[in-house]
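Student: Please take a close look at one part of this model with me and tell me how it sits in its surroundings. I would like a single connected account.

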Amino acid sequence: MSQFQIRHITRYVYENMVRDSANQIMLYPLRDEYQEVLHHHVAITGNPMVNIHQDYFGNEVGTFTHAQPHRELVIDSQLKVVARARTLPVDNTPAEEQWRELAQFHRNPLFIDFLKQERFEVLPEVTQVIETKDLHHSTPLQAATQLCQYVYETFTYRKGITTIETTVDEIWKIKSGVCQDFAHILLVMLRKLNIPARYVSGYICPNKSGMRGEGATHAWVEAYIPFYGWLGVAPTNNCLVNDTHVRLAVGKNFLDCSPVKGTYRGTSNHTLEVIVTVSYEDGHTYTGDEFADAPATTPAKSVYNNSFRKFQEMQMQQ
């Protein structure tokens, strides 16, 4: 059992006054037998009322509007959570029986969304990699861990070269990216094997172990293992997920789990700054930022136009 205090600050600074900022936040940790929320408070500029609802995937989603003119919007989430270790699967059922179990899930509405494969130009290349590994003779657990290792060893962890708009085709070609890119590649590969797979957003809290992604929002994958359930598989660090990870939301991909997104009235450019601080029971505290390997005292900033408005336009074009 591990206890963490996590502070996640999202700050938008606008060049000129803006108003009617409408936002969606997915900063509410999942609650189950492995994750207990001891305290959680979200403070927002202007103290707007936040309406919370549960989405299709069971995530808590908050929505709010800051109507008054403002030059800055700060969303400050402070969380105290207990993560409990889970028993990992015992892989003693014959592989053939497990694959037969998975074959039935295409008709199960609980798994259809997590089996649906998007169209990618590189899908034939992905298929070829999977076929050369002859994974259908392995169990689904063995296949998932082998593909996790493949992504970890083949793709270079590099910040600043991808964005939320970078496609799987582009990630596959440059063989680089960050945790969300690693997760998206693994999702494609698992679904190609007919293993249900879902995207997970959250935090990693390894306490000075050197794992990638500490001090930032993190992403990994959950694969459905027959006769066990959902198992977290983290290609960024080539590990199975346990009590060093805190889960915020699950979905088909990043777009279902984005921690903060919104739109506003005004044509001003803005800078976005995101800082995550993790404090441990031993007194150690780690602070990082979303955008670069910069020291916490000089957090990196990225400049955007009205990015969610652009996102909405992209959605309408699809």
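Tutor: Let's start with Glu15, which lies in strand 1 (residues 2-25); helices (H or I, at least four residues) and strands (E, at least two) are DSSP runs, numbered from the N terminus. This is a predicted model, in which local features need pLDDT of at least 70 and side-chain atom pairs count only at pLDDT 80 or more, while totals for chains, interfaces and linings use all residues. Residues are numbered from 1 along each chain as its sequence is written, and side-chain values use heavy atoms, with hydrogens and water left out.

With a relative accessible area of 48%, Glu15 is partly exposed (buried is under 20%, exposed over 50%, partly exposed in between, with a 1.4 Å probe and protein chains only). Its C-alpha lies 6.0 Å from that of His270, although 255 residues separate Glu15 and His270 in sequence. Setting aside neighbours within four places in sequence, Glu15 is in contact with Arg71, Ser268 and Asn269, where contact means heavy atoms within 4.5 Å.

Strand 1 also holds Asp20. The phi of Asp20 is near 50°, a positive value in a residue other than glycine. Most residues other than glycine have a negative phi. Asp20 counts as partly exposed, at 24% relative accessibility.

Asp134 also has a phi near 50°, and Asp134 is found in the loop between helix 3 and helix 4. At 42% relative accessibility, Asp134 counts as partly exposed.

Now step back to Lys133, which is found in helix 3. Lys133 is partly exposed, with a relative accessible area of 32%. Beyond its neighbours within four places in sequence, Lys133 is in contact with Leu147 and Tyr150. The C-alpha atoms of Lys133 and Ala143, 10 residues apart along the chain, are separated by 9.0 Å.

Helix 3 (residues 123-133) packs against helix 6 (residues 179-192) at an angle of about 65°, with their axes 10 Å apart; axes are lines fitted to C-alpha atoms, for helices over the stretch in contact, and angles run from 0 to 180 degrees between N-to-C directions. That makes helix 3 roughly perpendicular to helix 6 (the range is 65 to 115 degrees). The residues in contact are Leu123, Val126, Thr127, Val129 and Ile130 of helix 3, with Val188, Met189 and Lys192 of helix 6.

An open sheet of five strands has the order 11-10-9-8-12, with antiparallel pairing; two strands pair if DSSP finds at least two bridges between them. Strand 11 (239-240) and strand 12 (245-251) stand at the edges with a single partner strand each, so one side of each has no neighbour in the sheet. Strand 8 (residues 197-204) and strand 12 pair in the antiparallel sense over six bridges, and Ile204 has His245 of strand 12 as its bridge partner.

Of the contacts with a separation of 6 or more, 74% come from residues 24 or more positions apart.

Note on methods. Parallel < 35°, antiparallel > 145°, perpendicular 65-115°, else oblique.
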